[in-house]
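Hi,

Here is the structure for you to look over. My notes follow below it.

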Amino acid sequence: MNRPGRARVALLLTVVTAALLTACTGADADPARADAPRTTRPTSSPTPTSSPSPPPSPTASPTPSTAAEIAEAVDKWYTYGGETAMVSLIKEARNAESDRPREAFELVILDFGGLTDALGTARLMGPIPDPKTQSAWAAAVEHLDGAVREVLASVPKDGRTIQSPQETGQMLRGWSTFDEGIKSLKAAQALLNRRFGLKPSPDPWEAGEQR
């Protein structure tokens, strides 16, 4: 069953505001855009009769605390799936970036299927056992997921190929969130390299076109 926001079918749209696109393309993401409204899921309020959370299992693995333990745990995370998940997310984010519209009235095909799959794989990985690196990694996944949802939500639903100004604005907010995700993804990779000497070879950011 397809997850919400999964993009298996390519979508067509044209964009209408050259000035907005010029301001957005090639510039650093505006930090204020990280707080742009996003689609939220309704949550239920806890009731007074809710059962308390069960205590942690006594057999759970202890949290690494010393620098040596953290380094060993991070190395295991990276070796047993973490590197593959990160490289896949980088490659698919680059592929999605190649679909980004660059000028007004440009016909583009949006296909976030590969990125959605890579995000799903990233979520299956446990947290990186280093809080600072995990914070950057989690932010990358969150922002890229939000970007996919917002850009797809900006596609006209009534068969139009020209976006309204509101839809164009929503699309640009989505790509701004995407930029924040790329920044966090690069930060997570840099932290793994600088703090633990872990870096994929070849560097997926420097590799040629993925498609």
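First, a term: buried means under 20% relative accessible area, exposed means over 50%, and partly exposed lies in between (1.4 Å probe, protein chains only). By that rule G174 is buried, at 0% relative accessibility.

This is a predicted model, so local features need pLDDT of at least 70 and side-chain atom pairs count only at pLDDT 80 or more, while totals for chains, interfaces and linings use all residues. Residues are numbered from 1 along each chain as its sequence is written, and side-chain values use heavy atoms, with hydrogens and water left out.

**Confidence**
pLDDT is the predictor's confidence in each residue, from 0 to 100. The protein has a mean of 78, and 69% of its residues reach 70 or more. Helices are DSSP runs (H or I, at least four residues), as are strands (E, at least two), numbered from the N terminus. Helix α4 (residues 131-153) has the highest confidence, at a mean of 97, and helix α1 (residues 18-24) the lowest, at 43. Contact means heavy atoms within 4.5 Å.

**Two residues to look at**
G174 sits in helix α5 (residues 165-196). Beyond four places in sequence, G174 contacts A147, E150 and V151. Its C-alpha lies 7.0 Å from that of V148, 26 residues away along the chain.

A136 is in helix α4. A136 is buried too, at 12% relative accessible area. Beyond four places in sequence, A136 touches S184, A187, A188 and L191.

Best wishes
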